[in-house]
Amino acid sequence: MMHPSEEIFCAHSNVLRGKTVVLGISGSIAAVECFALARDLIRHGAEVVPVMTPSAAEMVAPMAMEFACGRPPICSLGGQAEHVSLINEGEGGADLLLIYPASANTVSKVALGIDDTSVTSMATVALGAGTPVIMAPAMHNSMYRNPAVQRNLEALRAMGVSLVGPVIEDLRAKAAGRDEVLAAALRALGGKDLEGRRVLVIGGRGEEPVDDMRVLSNRSSGLMALELASAAHRRGADVEMWMGAHDVRVPSYIPMRRFGPFSELLGMLDEAEHDMVLVPAALPDFSPERRGGKIDSAEGGFELRLHALPKALPLLVREGRTVVGFKAESGVDEDALAARARGRLEEHGLDLVVANDVSVAGEGMARVLLVAAGDVSVVEGSKGRIADAILDRAAGRG
Ligand SMILES: Cc1cc2nc3c(=O)[nH]c(=O)nc-3n(C[C@H](O)[C@H](O)[C@H](O)COP(=O)(O)O)c2cc1C
């Protein structure tokens, strides 16, 4: 019979397939998030081994973690010497120790090499064995400001521990959000093929002012930009997003700059110092003649005069930089779509054009053509899968 944790295995991706994540849970109330975090890791293919301190086991029922992970949590070490049998050096050892949440107590003990709970014992072995360690501190702000805790956090950084968060909010130094912790785990265990590459994703939609209130815009949500930036982050790149208006939530671990009208974006282009620039943004082709104030509806209608805007893409083309453009059409067959994408590729000197027919795009799913010099391929599936295929091609791996 299948355990419920197996039903969700690899439901989102295979990125963590074959990887063992030891999830250390210490005594912060943020431990209640661990159930969902463990399931997120499993959805990406990880085998998750829950380990709990006695305080954590008072806050979250060990049975809940057993249900989440399909195995009972290790709440105290036993005759199996789980700390050394789980986290051993080399083949067969855990791939990551993720301590979420990390209490002030556990932070300080790990920094000082003290191990007197199953979680701190795992950390002592991991830091000696060279196993990657991620910790997400969570505590009251006064505890966080305690000089001893600050010193111990600094010591952890110096020991190579990746600290995610905390997020300072009023009186709390709250644990980083689950999505941020998951992203850190995916980046730590992902392919790292884009490590050291500076990647810029320009996404969202332009908004050209008609008067002081109204704008001329389009329906682009920014989802493709977010998928590309998330995939590049997971693959080790230093990613930045420049976003027009958008409906998606850009996570805090991806630095973002905003632009409104096209003129603002034009003013930013010279600052791009990236090795790879991807532009899924739906940028305006025309700008209206702006009128001051708010046009009065009593006018009963008026004519809008539009001026053509320059193209941003050719201004981004540089020696040694990979530039990827996007071409959306509606209601054209694939041969015509490929021909138009090729025209764009050659006209602007791009490395790759991603073309799609917006009339066949569904929520989160798409079918695109990847058009490069002398070559066209089709990719279908979730936007996440398409983002990876685009990065593969752009990095010369597809
Ligand atoms: C309801 C409750 C919530 C707590 N939340 C936190 C917290 O967020 N961060 C923290 O450092 N300690 C918190 N504590 C205190 C720790 O549980 C306590 O310091 C404990 O000794 C930590 O042990 P551990 O690190 O072995 O889990 C909390 C205690 C209680 C009772």
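**The whole model**

This is a predicted model, in which local features need pLDDT of at least 70 and side-chain atom pairs count only at pLDDT 80 or more, while totals for chains, interfaces and linings use all residues. Residues are numbered from 1 along each chain as its sequence is written.

Show the C-alpha trace, which spans about 80 × 50 × 45 Å along its principal axes. A cartoon view brings out 15 helices and 20 strands, where helices (H or I, at least four residues) and strands (E, at least two) are DSSP runs numbered from the N terminus. Of the 398 residues, 42% are buried; a residue is buried if 20 or more other C-beta atoms lie within 10 Å of its own, exposed if 12 or fewer, and partly exposed in between, with C-beta atoms placed from the backbone. Among contacts between residues at least 6 apart in sequence, 71% join residues at least 24 apart, a contact being two residues whose C-beta atoms, placed from the backbone, lie within 7 Å.

Select the five strands that form an open sheet with parallel pairing, in the order S2-S1-S3-S4-S6. Two strands count as paired if DSSP finds at least two bridges between them. At the edges are strand S2 (47-52) and strand S6 (162-163), each of which pairs on one side only. Strand S4 (residues 133-137) pairs with S6 in the parallel sense over 2 bridges, and Ile134 has Ser162 of S6 as its bridge partner.

**The strands around S17**

Strand S18 (residues 352-357) pairs with S17 in the parallel sense over 6 bridges. If helix H14 (residues 334-348) is selected together with S17 and S18, the three make a right-handed β-α-β unit; right-handed here means that, with the strands pointing away from the viewer, the path from the first strand over the helix to the second runs clockwise.

In soluble globular proteins, nonpolar side chains tend to be buried together. A nonpolar core is a set of buried Ala, Val, Leu, Ile, Met, Phe, Trp, Tyr and Cys residues joined through C-beta atoms within 7 Å. The largest one has 64 residues, and those with the most contacts inside it are Leu23, Leu97 and Ala185. H10 gives the most to this core, with 7 residues. Centre the view on Leu23 to see the residues that it touches, among them Cys34, Val48, Leu98 and Tyr100. A second, separate core of 53 residues includes Ala229, Ala237, Ala341 and Val371.

**Around the ligand**

Select the ligand next: 15 residues surround it, and the closest are Ser26, Gly27, Ser28, Thr53 and Ser103, a residue being near if its C-beta atom, placed from the backbone, lies within 6 Å. Helix H3 (54-59) and helix H6 (104-112) are the elements that give two or more residues to this shell, and H6 gives the most, with 3 residues.

**Backbone details**

Zoom in on Pro101, whose place is in strand S3; the peptide bond from Tyr100 to Pro101 is cis, with omega near -10°. A cis peptide bond also joins Gly165 and Pro166, with omega about 5°, and Pro166 lies in the loop between S6 and strand S7 (167-169).

Asp170, in the loop between S7 and strand S8 (172-174), has a positive phi of about 50° although it is not a glycine. Asp170 is exposed, because 6 other C-beta atoms lie within 10 Å. Lys192, in the loop between H10 and strand S9 (198-203), has a phi near 60°, and Lys192 counts as partly exposed because it has 13 C-beta neighbours inside 10 Å.

Key
Lists of a residue's contacts leave out its neighbours within four places in sequence.
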